[in-house]
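Open your viewer and follow along, one selection at a time. Each stop tells you what to pick and what you will find there.

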Amino acid sequence: MALNRDDKSPLFAPGVAGTLRLIVYLALACVLMVLDHRGGWLGNVRYGLSLVVEPIYRIAGLPSQGFQAATVAFADRQRLTEQNQRLREDLLLANAKLNRMASVAEQNQRLKELLDTQHSLSLNVQLARLIGVDLGSFRHRIVLNVGARDKVQAGQVVIDARGVMGQIVDVMPTTSVAMLITDPNHAIPVTIERTGLRTVAYGSRAGDALTLPNIPVSADVQAGDKLVTSGLGGRFPPGFPVGEIRDVAQTPSGTFLSAQAKPAADLDRSEDVLLLHDLAEPAGPLPLAPDVGPPANLAPDPNAPPVTPTLPSVTSPTATPLPARSSTAASSTGTTP
Amino acid sequence: MNKVRVRQLWFAATLLMSLFLMLIPLPGPLTPFKPYWPALILLYWCLQSGDRVTLGLAFCLGVAADLFDGILLGEQALRLTAMVFIALRFRSRLRFFPMWQQSLAVLAFLLNDRILLLLIRVFGGDPLPPVEYWISPLVGAALWPFVFLILDDLRARLRIHEA
């Protein structure tokens, strides 16, 4: 059998050097993976190498773009006319709804101004297009044609006409990568519109649905309930549709209800998406109030002990204010908000 | 001299092509059927000219693929290195296999590759993938005879052309 045996391709002999090299390379790969998993510096490397990566994304996106162009070019006239008609009806309907909403929105705005809240219904968005690139099977990510040069930041919310699609996770100079809400590693805080129940919707293994694994057993949840973003967590602004519950069942342990939901957005069909510009209110404590009140040099010296014990009697409303002490009291309350 | 250069260009072009094929999406329902192109092309070169494919090359190709993929740097590098190592070790035997046996061997390689990927992802904290995850190696093995014959034919043609 061994016709031309040479040293380079031995038929059965194991090569020690080859094994050693394999171990070295495998170790190197493992080190890379661990470093990347822990530190996440792949983003920096990619940002640096985006000069190479981005043109390749664009080129690799050409076939799907060409496919779409061909679909339009070879689609028969009737279908296009039908589609046009449908879009026109949709637009008409949407406009009619908008007109009805306008007065309500204005009223809402006025009431909110009265209540002095900061929410506004206006959207500050940016249009983006998908680039047809496959980032690995069972990875629910999409590539968009806007990037750091268009002032895109990681964490911005991606929506389409029907609902939330996901959020930006990786930004390169002229492209960005968004994680879809169906990714198994993604979670989005939602409320059930009908009952106001707050819960969290996770992506699912199969990737075409959302799972809500921890709903209390006593909660009122039915198939057909709409999910909207709750705005908790400070990433997704409240009030955007997320999905619709398909079925509800008990978890095997019986301690929770688990529901499956269908995403509202056209995750695999949308070509044009919107990037929300204003993020929701950040979670966590409010920023420190700016210094108000008299300048700090009027404040009493904190190291001067005799002034502070007398303060309570001065600030009590019934006490008759002495001119000299009242000024020190006012300045001290002013500097400690 | 010219011949060598053309061959090297052809070699590099096929590898680059495999990366492109990896990035180009298939229409929605066909997505799980997409074979792992870099592995197929690398296997072809392993069997065809084993002295040109080294572990280092497999590692570099894997890192490049990881950069395009943007998921986890080193993942595909590890998978491709392991696969090329096994393929190079059994190269002399695989070359004399009839085509259907070669296809079976490729299926084994690709399945092994998927198991490695599964291990990596589970260690990384991902949930188990759905059943469609295992379709891709079958498609790859079914495509193998065509990949092999087409690439071989093209190679022969190039050689004739330049001679």
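A nonpolar core here is a set of buried Ala, Val, Leu, Ile, Met, Phe, Trp, Tyr and Cys residues joined through C-beta atoms within 7 Å. A residue is buried if 20 or more other C-beta atoms lie within 10 Å of its own, exposed if 12 or fewer, and partly exposed in between, with C-beta atoms placed from the backbone.

Before you click, note that this is a predicted model, in which local features need pLDDT of at least 70 and side-chain atom pairs count only at pLDDT 80 or more, while totals for chains, interfaces and linings use all residues. Residues are numbered from 1 along each chain as its sequence is written, and chains are lettered from A and ligands numbered from 1 in the order in which they are written.

**Stop 1: the core.** Select A:V164, A:V242, B:L42, B:L43, B:C46 and B:V84, which touch the most other members of the largest nonpolar core, a set of 84 residues. Helix 2 (residues 37-48) of chain B gives this core its largest share, ten residues. Helices (H or I, at least four residues) and strands (E, at least two) are DSSP runs, numbered from the N terminus.

**Stop 2: around A:V164.** What is A:V164 in contact with, leaving aside its neighbours within four places in sequence? Its partners include A:V157, A:I181, A:F236 and A:V242. Contact means that the C-beta atoms of two residues, placed from the backbone, lie within 7 Å.

**Stop 3: where the chains meet.** Now colour by chain: 37 residues of chain B are in contact with 37 residues of chain A. On the chain B side, helix 4 gives the largest share, six residues. By class, that side has 21 nonpolar, nine polar and seven charged residues. Ala, Val, Leu, Ile, Met, Phe, Trp, Tyr, Cys and Pro count as nonpolar, Asp, Glu, Lys and Arg as charged, and the others, Gly among them, as polar.

**Stop 4: two helices of chain B.** Show helix 1 and helix 2 of chain B, which meet through residues including B:F11 and B:L15 in helix 1 and B:W37 and B:W45 in helix 2. The residues of this contact divide into nine nonpolar, two polar and no charged.

**Stop 5: B:R7.** Finish in helix 1 (residues 2-23) of chain B, where B:R7 lies. B:R7 counts as partly exposed because 16 other C-beta atoms lie within 10 Å.
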